[in-house]
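Look at where the two ligands meet the protein. The paragraphs below go through the contacts, the shells and the pocket in turn.

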Amino acid sequence: MPAPLFLVIAAPSGAGKSTLVGMLRREFPLFEYSVSCTTRAPRGEEKDGVAYHFLSREEFERRVAAGDFLEHAVVHGNLYGTLKSAVEGPMAAGRWMVLDIDVAGAAQVRSIVAREPAGSLLSRAFLDVFVDVPSEEELRRRLVKRGEDAPETIERRIANAAGERARRGEFSRVVVNDDLDRAYAELRGLVLAKTGGAS
Ligand code: ADP
Ligand code: 5GP
């Protein structure tokens, strides 16, 4: 069995996190992406159950009350959460997990991991990385280029980015996504250092 990996990646929206996670998943088939639940509407070509499980607010709140979530948070006015079931099965089967969540969700996961006994699967596997943008101007350029959000949504994401970037010091690692290939090389280096080799 390869060394376990429980990778939590957070970033301001538009920093290039999905791009980097996609590159990791292509290179390392052992990665299992945790499909989150959200109350936001699908964007572009997003399919239910692939990008997210798209839930009504009522259904989301019912699942919070049922204790189905490992973590959940309000991001840009919508609810987002990671299901325990999305993580537990694959981890037990030896898969590498990658969670693309916000800084508040990452903080919840960090405190869960901190309460685990030393040497437990989760604490051995845990790696939290913040992907940052070189500047706010570059973040705006990328969000405009992506072409998926209305102008007011882009401005909201930029306003939220300042708060997220202020919390990057909470993460054990920060990767600045300036040049994509350079940033990817750094990220894959962290993965390999944590797991001690290829999958
Ligand atoms: P996120 O998942 O963090 O919201 P995306 O991966 O969707 O961000 O990236 C936002 C946009 O920026 C996309 O159009 C993507 O192709 C582009 N992008 C990603 N990384 C870089 C980079 N290093 N330099 C320039 N553009 C980038
Ligand atoms: P988007 O709407 O652009 O897909 O995502 C907006 C933000 O929500 C991103 O920062 C993303 O990482 C975060 N997010 C996605 N899924 C989850 C989740 O399950 N939990 C938390 N806490 N944040 C999430």
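Begin with Arg157. An N or O atom in its side chain lies 3.1 Å from an oxygen atom of ligand 2. This is a polar contact, that is, a pair of N or O atoms within 3.5 Å; within protein, one must be able to donate a hydrogen and the other to accept it, and residues adjacent in sequence count only if both atoms are side-chain atoms. Taken alone, ligand 2 exposes 510 Å², and the protein buries 96% of that. Such accessible areas come from the Shrake-Rupley method with a 1.4 Å probe; for residues, only the protein chains shown count as cover.

A word on the source. This is a predicted model, in which local features need pLDDT of at least 70 and side-chain atom pairs count only at pLDDT 80 or more, while totals for chains, interfaces and linings use all residues. Residues are numbered from 1 along each chain as its sequence is written, chains are lettered from A and ligands numbered from 1 in the order in which they are written, and side-chain values use heavy atoms, with hydrogens and water left out.

An N or O atom of the Lys17 side chain is 2.6 Å from an oxygen atom of the ligand. For the Thr82 side chain, the corresponding distance to a ligand 2 oxygen is 3.3 Å. In total 19 residues surround ligand 2, and Lys17, Ser36, Arg40, Tyr52 and Tyr80 are the closest. A residue counts as near if one of its heavy atoms lies within 4 Å. By class, this shell holds 6 nonpolar, 6 polar and 7 charged residues. Here Ala, Val, Leu, Ile, Met, Phe, Trp, Tyr, Cys and Pro are nonpolar, Asp, Glu, Lys and Arg are charged, and the others, Gly among them, are polar.

Now turn to ligand 1. The Arg142 side chain places an N or O atom 3.3 Å from a ligand nitrogen. A polar backbone atom of Leu180 is 3.2 Å from a nitrogen atom of ligand 1. Taken alone, ligand 1 exposes 570 Å², of which the protein buries 81%. Its shell has 16 residues, with Gly14, Lys17, Ser18, Thr19 and Arg146 coming nearest. Helix 6 gives the most, with 4 residues. Helices here are DSSP runs (H or I, at least four residues), as are strands (E, at least two), numbered from the N terminus.

What space does ligand 1 sit in? Ligand 1 sits in the largest pocket, meaning that more than half of its atoms lie within 2 Å of the pocket's grid points. On a 1 Å grid over the protein atoms alone, a pocket is an open set of points with protein on both sides within 12 Å along at least five of seven lines, where a 1.4 Å probe fits; lining residues have an atom within 4 Å of a point. The lining has 38 residues, and Lys17, Ser18, Arg43, Asp100 and Arg146 lie nearest the pocket's centre. Helix 1 supplies the largest share, 6 residues.
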